[in-house]
Each structure stands twice: as structure tokens, then as C-alpha cells.
Amino acid sequence: MVNLLQFDRVGLGDFCEQLGEKRFRATQLFRWIHQRGERDPAAMTDLARSLREKMASRAVVGALPVASEQVAADGTIKWLFDVGAGDAIETVFIPEPGRGTLCISSQAGCAVNCRFCSTGHQGFSRNLSTAEIVAQLWHAEFELRRRLGLAPGERAITNVVMMGMGEPLQNYAALLPALRVMLDDHGYGLSRRRVTVSTSGVVPMIERLRDDCPVALAVSLHAPDDGLRDELVPLNRKYPIAELFAACRSYLDRAPRDFITLEYCMLDGVNDSAEQAGALLALVRGSGGTGSGLACKINLIPFNPFPASGLHRSPPERVAAFAAVLQTGGIVTTVRKTRGDDIAAACGQLAGEVQDRTRVGERSVRALPVRIEHRVAAPLSRRTDPPTGGARSPA
Ligand code: SAH
Ligand code: SF4
């Protein structure tokens, strides 16, 4: 059976042709699936009977089985979906007045292995398929419409952020059709500004995304210099900050937004000093030695702790002081509100269940804490260890 959630509208047209049907039927079918949440071909009354019959025997709208659902005190909902072979992924709905944001996963686990991220600690199992990415949105949208009693045509989800488990730009082939389904006027009809891809900095894929589908881009920076970023976001060893910023600048040439959102997770004693705020300001203004700066907005994320991280959240006054340095320097800076942390649904707490097929999780437990603790004890301004420049190994 073919899962129809794997197709963008062009792909669905190809599939209709393979069934011996006219391409334009795909638009009707696409609307039934993604605008009305219909799974049963028999109910798709305006489709030619021949197509309905072929679909009933050859295709399904393959939703993901829900392993569990939790609702937080603030209304945030977290679904755990079973994706087979011992893997489960998480999707989070964040209601706010006038909008509903869905945070979607792109991989079971993640291979980037960021020091402060619960998903990274678990290791990597596999990429999700386009159907598995789209199924998260399909389930949330139509489940919420039913529950909230929305009128036909009213949408539950107004914004999508690719900020769940996984590094979306390390699963580009599956991501791209999924983005097209989200943006399609016959699908979810989200504007490009309301769909955000968040990346730890996969430079070549930032360039591809710019050319293929320039949605809003968020970049997880977390450090103002390569030395610290190499440790927090190991991918930095492959794509250092200067290259990342160059890719971001070229993204803006095509992007519908005129700025990149830089995410910065505030870690007590690691990356939150006044000096580091100053270094970050210099970096984005272009006086930090990496070229000509970047048109950006900075989003400070209070670290969400999870067992085994060994890290702590920066105290609120340090976050405020850090933000003040940036704001005084003329950079729009916000502090992200923590949502759903009582059900471990906040940024970086998503862990699902992942069979670590790369053993990246084990490596992290052995290799990283020592170096970080050293850094906590020795703030950046007074550090004496040798610079980490020179040859870079692939992450
Ligand atoms: N892999 C992508 C998207 C998923 S993570 C990326 O890294 O951008 C979404 C955001 O949550 C990223 O900015 C990530 O760095 C941040 N994050 C990860 N762990 C966190 C934690 N424990 N507390 C707060 N934010 C965290
Ligand atoms: Fe992967 Fe993003 Fe977590 Fe880093 S922060 S380990 S890139 S999911």
C-alpha cells in the first residue's frame, strides 16, 4: 500500500498518472486529505469512481499510531508517536492567543549530539520519511479541529516550527516535500513566514533550502566563538561560525524575511557572561572578525534541564543582563517563554524513545562532561587553554 502522506501535490499527480488517472485529480485528492482530514476514499464524493476504487485497493492515508498524549498545565500538548522498531518521536502543540504552533520532529534521535540537548544525548536511530513528518501535522490539525469544535476551514495550527527531535537539514530529501505540503494553498496553506526550519548549521543545506523553499530560518548558535561552539554544537567543527554566517547572509538574499533568528540557549556559567554578550553583539554587527555581520533577531532560550545533562539554567537576572547588552547594542532580542516543561515538552526536552544505532549517546557520556566542567570553572575571559583553531575534523 502506498501512503498518500508521502506526496507533495506534484508527487501525488505522478501517482495519479501511474494509476491511469488524470493529473489534475491530485488537487482534489490533496484537498480531501490535507484540508478536510479525510482518510476514507469512499467519502471523497467528488472524485471519479474509478480513482476511488483504485485508491481503496492501492493507497492509504497512513497516520502514525499515538503511543501517548500528555497535556500540560499551560495547555501545551505533547504526542508520542510510535514509528516502529522501538523508535518513538514527539510532537508538541503550543496554544497561544490567536495562534497555534506545532513543533515537529524530523528524525528519530539526532546525530549532532549537542551537549545541552536531550535528543542529542539519546543518539540517532534514523531519518523520518516525508509521510512521518507530514503525519504529525495531519494528526494534530484534525484532532485539534475536532476537539476545539472548529468550523470547516478554520485552522488549529497557524505556525509550524521544525524544532522537535532531530536536525531537519540532515534529512533534507524528506523535509523538502513536507515543507511543500505545509505551504501548498491546497494543503495547509501556511505562508513561508509561518514555517520555520531550525538548524544547528548544516551549511550546504542552508544553501539548498534558500534555492528550493526559503521558509523562515532559525539558526542554533549558542556561543559567540568557535572554541565554545565546537564543544556545545559539535557540527561547528565542520562548519565554523564564519561559514555559517556567510550561508545565512546568502539565505537572506532569497528569504521572505529580512532577518535570521539566532537561538541561544542560556547555560549557567558556560555561555552567559557579560563578556560573551559583548562578543555576540560584535559578531552579529560584523566587528567580530567574521565578515560583515548578520541581519538577525536573537532569541534567548533558558536552558531546560534534563537528567544527565550536568548543566544548569542561567539565573533570570543573568539572562536579563545578557539581553540588555544586545538590546542596547540595537539587536532585537527576546527571551523565549518556557512552555510545557511539566510534561517535558519544552525545547530540548524531547526524547521520545530512540534505539541509538550510532552509539553517539554513549560517546557523549564518556567524552564531553569533563571538558564542559573545566569550562564552567574557567570563564572564557580568563581561559588559558590553547585556542581551538587550525585543522577541523568532520563532526
Ligand atoms: N536540530 C535543530 C532543531 C531542534 S532543537 C536545531 O538544533 O536547531 C530546537 C531548539 O532547541 C534549538 O535551538 C536547540 O538548540 C534548542 N535546545 C536544545 N536543547 C535545549 C535545552 N535543553 N534547553 C533549551 N533549548 C534547547
Ligand atoms: Fe540535534 Fe538540534 Fe538537539 Fe543539537 S540541539 S542535538 S542539532 S536536535
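On a 1 Å grid over the protein atoms alone, a cavity is a set of points where a 1.4 Å probe fits but cannot get out, whereas a pocket is an open set with protein on both sides within 12 Å along at least five of seven lines; lining residues have an atom within 4 Å of a point. The model is predicted, so local features need pLDDT of at least 70 and side-chain atom pairs pLDDT 80 or more, while totals for chains, interfaces and linings use all residues. Residues are numbered from 1 along each chain as its sequence is written, chains are lettered from A and ligands numbered from 1 in the order in which they are written, and side-chain values use heavy atoms, with hydrogens and water left out.

**Largest cavity**

- One cavity of 30 Å³ or more is counted, and the largest cavity has a volume of about 470 Å³, a volume being the space filled by probe spheres set on grid points joined across faces, edges and corners.
- Its lining comprises 30 residues, with Phe116, Cys117, Met163, Ser220 and Gly348 nearest the centre.
- Helix H4 (118-122), E10, E12 and E13 each give two or more residues to this lining; helices (H or I, at least four residues) and strands (E, at least two) are DSSP runs numbered from the N terminus.
- The lining of the largest cavity divides into 15 nonpolar, 12 polar and three charged residues, where Ala, Val, Leu, Ile, Met, Phe, Trp, Tyr, Cys and Pro count as nonpolar, Asp, Glu, Lys and Arg as charged, and the others, Gly among them, as polar.

**Ligand 1**

- Ligand 1 sits in the largest cavity, meaning that more than half of its atoms lie within 2 Å of the grid points.
- It is surrounded by 20 residues, the closest being Phe116, Gly166, Ser198, Ser220 and His222; a residue is near when one of its heavy atoms lies within 4 Å.
- Polar contacts are pairs of N or O atoms within 3.5 Å. A nitrogen atom of ligand 1 lies 2.8 Å from a backbone N or O atom of Phe116, and a nitrogen atom is 2.9 Å from a polar backbone atom of Gly166.
- An oxygen atom of ligand 1 lies 2.6 Å from a polar side-chain atom of Ser220.
- The shell of ligand 1 holds nine nonpolar, nine polar and two charged residues.

**Ligand 2**

- Ligand 2 also sits in the largest cavity.

**Largest pocket**

- The largest pocket contains about 890 Å³ of space.
- Of its 35 lining residues, Arg99, Val161, Met163, Asn299 and Arg336 lie nearest the centre.
- By class, this lining has 17 nonpolar, nine polar and nine charged residues.

Key. A polar contact is a pair of N or O atoms within 3.5 Å; within protein, one must be able to donate a hydrogen and the other to accept it, and residues adjacent in sequence count only if both atoms are side-chain atoms.
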